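The sequence and structure come next.

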Amino acid sequence: MVLAAGRGERMRPLTDTCPKPLLPVHGKPLMQWPMEALAAGGFTRLVINTAWLGEQIPARFGARHGNTAIAYSEEGRDFGGALETAGGIVRALPLLEDVFWVAAGDVFAPDFRFTQHAVDRFAASGALAHLWLVPNPPHNPKGDFGIGPGGLTLNAPAGADVPRFTFSTIGLYRSALFAPPYCDIAPGNPQGAKAPLAPLLRAAMDNGLVSAELYAGRWTDVGTPERLAQLNATP
């Protein structure tokens, strides 16, 4: 699943007329980079959620991009706006398998490799999520999560005596994370409930059910026009 529903307030005025994931980076839409990386890893069934100016995304990619078949979860059409990350994933669950990738359509990580080996390792682990973390960028100096013994993700509070890293937005998930006791949204989210992802992850971390590893490749959270300009100015 590639997340593409957000409004991109900090990217205005660029996002007043263009969905953030369609903003160009090195000659192609930002979200096309993870789409092509997934396809290169052999993952050719994709779900994209849309909301803000969401009609532009299927107009750009259609039902197929290269060898990838695309289904859309149209939150804007169905509910008038984005459902946040967990709400959007629950809405899309009927289109997903039990184990699935999620990547944000507004993050540039051109060196990341989506592999079947990672999926198989995660599926055999019993964990509910596996996250890729990155060194903390200037806009998130305190990080999000720690990594403990055995690669377990730590729900370490800011100021804890544990190194914390930033969540890259790339992760593997099991559908059970989006069901009780971690999530109380009805299957398929028929009411369009809005819910963030972090509380679900933190609750599962407290039960030792989230693993993590560090990703050291190029990574940019394209959160401001300045970051986008800098990214496009960098070879």
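I take helices (H or I, at least four residues) and strands (E, at least two) as DSSP runs, numbered from the N terminus. I note that this is a predicted model, in which local features need pLDDT of at least 70 and side-chain atom pairs count only at pLDDT 80 or more, while totals for chains, interfaces and linings use all residues. Residues are numbered from 1 along each chain as its sequence is written, and side-chain values use heavy atoms, with hydrogens and water left out.

Helix H1. I looked up the buried residues (under 20% relative accessible area, with a 1.4 Å probe and protein chains only) of H1, residues 32-40, and found Gln32, Pro34, Met35, Ala37 and Leu38. After H1 comes Gly42, whose phi is positive, near 95°.

Largest pocket. I count as a pocket an open set of points on a 1 Å grid over the protein atoms alone, where a 1.4 Å probe fits, with protein on both sides within 12 Å along at least five of seven lines; lining residues have an atom within 4 Å of a point. The largest pocket holds about 900 Å³ of space, and among its 37 lining residues Leu3, Thr85, Ala104, Asp106 and Thr169 lie nearest its centre. Strand E12 gives the most to this lining, with four residues.

Second largest pocket. Here I found about 430 Å³ of space and a lining of 20 residues, with Phe43, Arg45, Glu97, Val99 and Phe100 nearest the centre. Strands E4 (45-50), E6 (68-74) and E7 and helix H5 (116-125) each supply at least two residues of that lining.

Note on methods. Grid points are joined across faces, edges and corners, and a volume is the space filled by probe spheres set on the points. Buried means under 20% relative accessible area, exposed over 50%, partly exposed in between (1.4 Å probe, protein chains only).
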